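Here is a note for a colleague who is opening this structure for the first time. Please read the points with the model on screen.

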Amino acid sequence: MSEISQLSPQIVWQFFDQICAIPHPSKHEEALAQHIIRFAESEGLSVRRDATGNVFIKKPATPGMENRKGVVLQAHIDMVPQKNEDTDHDFTLDPIQPYIDGEWVTAKGTTLGADNGIGMATCLAVLASKDIEHGPLEVLLTIDEEAGMTGAFGLEQGWLEGDILLNTDSEQEGEIYMGCAGGVDAELKLTTERESVPAGHTALKLVVKGLKGGHSGCDIHTGRANANKLLGRFLFAHAQPLELQLSSLKGGTLRNAIPREASAIVTLPAEKADALHTQFTVFETVLNAELGQIETNIQLSVETVDMPANVLSRDSQQRLFALINACPNGVMRMSDDIPGVVETSLNLGVITTEEDQITLLCLIRSLIDSGRIHVEENLTALAQLADAACSFSGAYPGWKPDPDSEVMHLFRETYKDIYGNVPNIMVIHAGLECGLFKEPYPEMDMISFGPTIKFPHSPDEKVNIKTVGLFWEQMVAILKQIPVK
């Protein structure tokens, strides 16, 4: 047990400490799922799984509350695996190392997994508690939310009995979410030709790092830089005058995380190596002038590396650099209906190099289908110009706000009774699983709430300790106030 297990409310933090100790990145959640199943069985609770791997746990109503509407508490089991370059950590084997940093809990060099581990810990704490008043209760823990919402896509009719769903995947205390963006993955594949490294060339590695990164939904409007775009910008501008030839390019690790690092291995005439160093240093100065108010630790470096076996042809390289440089990224449009909320965005999340192709993986998010389709068409047109293939997959719907939601009004009044002020009713640009849940359960009333989590999907992720207590207090209060069925 780490120091966080002594924080209050202790029952929540002890569960979160256990969650941190068991590796659970997306697509590697089974060990944690089995741990949760053993816990539920030890409590004498009904537990089962569907064919997708989602975990369902039922807890009977406390005496006298059997006639209340059924409530489903929902969280996802997986976490986003991101680490600093100098951190030695295998997310499939090594535990997260949480620690207290003033008013926050964060992790040593990696994502913390408070997204959605704190929500999951709270669901488990409700199951374990013996003194909370509640009606018929179910807990739904989905798999693989961060890498494709696989669990939510696989949820079938008939598994849930509740009337109300409380999603715990929001990240700002004092806000109730009743709508979210939909999204779709976009993949651009550029077939490449290769040739021998020209005589007289030297090999160098260009590195962009030190960026803040973050969640491609929650943080896309902050002006944070995208390492893929920055490196692509430099290569497009300087490849021809420096006679650069690219061997490989990589950047980012997840389509839903703003890339913090990117690198390229290039060759160029040995007599132009000094000019490359100079231009990369000048570029760093330019970026600090442009972005320094937000990106406070931009680091550009040039390293000597072994000579690669080959390089891209001039034509392949030119098409690639143009594709990256022209690819949209960031906020496409703000919402007219909901002030301050992003309507449509795109994140150029991952670039990978193979022998005969280079792949760009993007995530498009939008509150409206037409906005998403417009960006799909932009990428399709761009791919045609670059002679690249473009495909889309994993589309998931947005969650349309319901201003007449009974549970939203109930939560707002309960919150006001506790604190004397009303919470903000919000729509989030990030994707929540609620939109997918609405398909098999269209009549289920849903809201999302949670504690304050900053910088999710990055090694700077942290959760505010005080707001975890408030989140628990709100959960206990709303369960007590659920109306009669």
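Which helices each supply at least two residues of the lining of the second largest cavity? The points below start there. Keep in mind that this is a predicted model.

1. **The second largest cavity.** Helix H1 (10–21) and helix H2 (30–42) are the helices in question, each giving at least two residues to the lining. H2 provides the largest share, four residues. The lining consists of Phe-15, Gln-18, Ile-19, Leu-32, His-35, Ile-36, Phe-39 and Leu-124. Six of these residues are nonpolar and two are polar, with no charged residues. The volume is about 40 Å³.

2. **The largest cavity.** Searching the whole structure gives two cavities of 30 Å³ or more. The largest has a volume of about 150 Å³. Its lining is made of 18 residues. Nearest the centre are Glu-145, Glu-146, His-215, Arg-365 and Gly-431. In the second largest cavity, by contrast, the lining has no charged residues.

3. **Finding empty space.** A probe the size of a water molecule, rolled over the atoms, shows where empty space is left.

4. **A four-stranded open sheet.** Its strand order is E4-E5-E25-E24, with antiparallel pairing. Strand E4 (98–101) and strand E24 (453–454) are the edges, and each pairs on one side only. E24 is joined to strand E25 (residues 462–464) by two bridges. Lys-454 has Lys-462 of E25 as its bridge partner.

5. **A helix across that sheet.** Helix H11 (residues 465–481) lies across E4, strand E5 (104–107) and E25. It runs at about 60° to E25.

6. **Strand E9 and its two partners.** Is strand E9 (residues 182–191) largely enclosed or largely open? Seven of its 10 residues are buried, so E9 is largely enclosed by the rest of the structure. Strands of a sheet pair through backbone hydrogen bonds, in a parallel or antiparallel way. E9 and strand E20 (residues 357–366) run antiparallel, joined by 10 bridges. E9 and strand E21 (residues 389–396) also run antiparallel, joined by six bridges. Follow Glu-187 to see both pairings. Its bridge partner in E20 is Leu-361. In E21, the bridge partner of Glu-187 is Ser-391.

7. **Thr-122.** This residue sits in helix H3 (residues 114–128). Is Thr-122 buried or exposed? Its relative accessible area is 0%, so Thr-122 is buried. Beyond its neighbours within four places in sequence, Thr-122 is in contact with Val-12, Phe-471, Trp-472 and Met-475.

8. **Tyr-441.** Look for Tyr-441 in the loop between helix H10 (434–437) and strand E23 (445–448). Tyr-441 is buried too, because its relative accessible area of 9% is under the 20% cut-off. Which residues does Tyr-441 touch, not counting residues up to four places away in sequence? They are Leu-155, Glu-156, Gln-157, Gly-158, Trp-159, Leu-160 and Met-446. Tyr-441 and Gln-14 are 427 residues apart in sequence. In space, their C-alpha atoms are 33 Å apart.

Definitions and conventions
Residues are numbered from 1 along each chain as its sequence is written. This is a predicted model: local features need pLDDT of at least 70, side-chain atom pairs count only at pLDDT 80 or more; totals for chains, interfaces and linings use all residues. Side-chain values use heavy atoms; hydrogens and water are left out. On a 1 Å grid over the protein atoms alone, a cavity is a set of points where a 1.4 Å probe fits but cannot get out, and a pocket is an open set with protein on both sides within 12 Å along at least five of seven lines; lining residues have an atom within 4 Å of a point. Grid points are joined across faces, edges and corners, and a volume is the space filled by probe spheres set on the points. Ala, Val, Leu, Ile, Met, Phe, Trp, Tyr, Cys and Pro count as nonpolar, Asp, Glu, Lys and Arg as charged, and the others, Gly among them, as polar. Two strands pair if DSSP finds at least two bridges between them. Contact means heavy atoms within 4.5 Å. Axes are lines fitted to C-alpha atoms, for helices over the stretch in contact, and angles run from 0 to 180 degrees between N-to-C directions. Buried means under 20% relative accessible area, exposed over 50%, partly exposed in between (1.4 Å probe, protein chains only).
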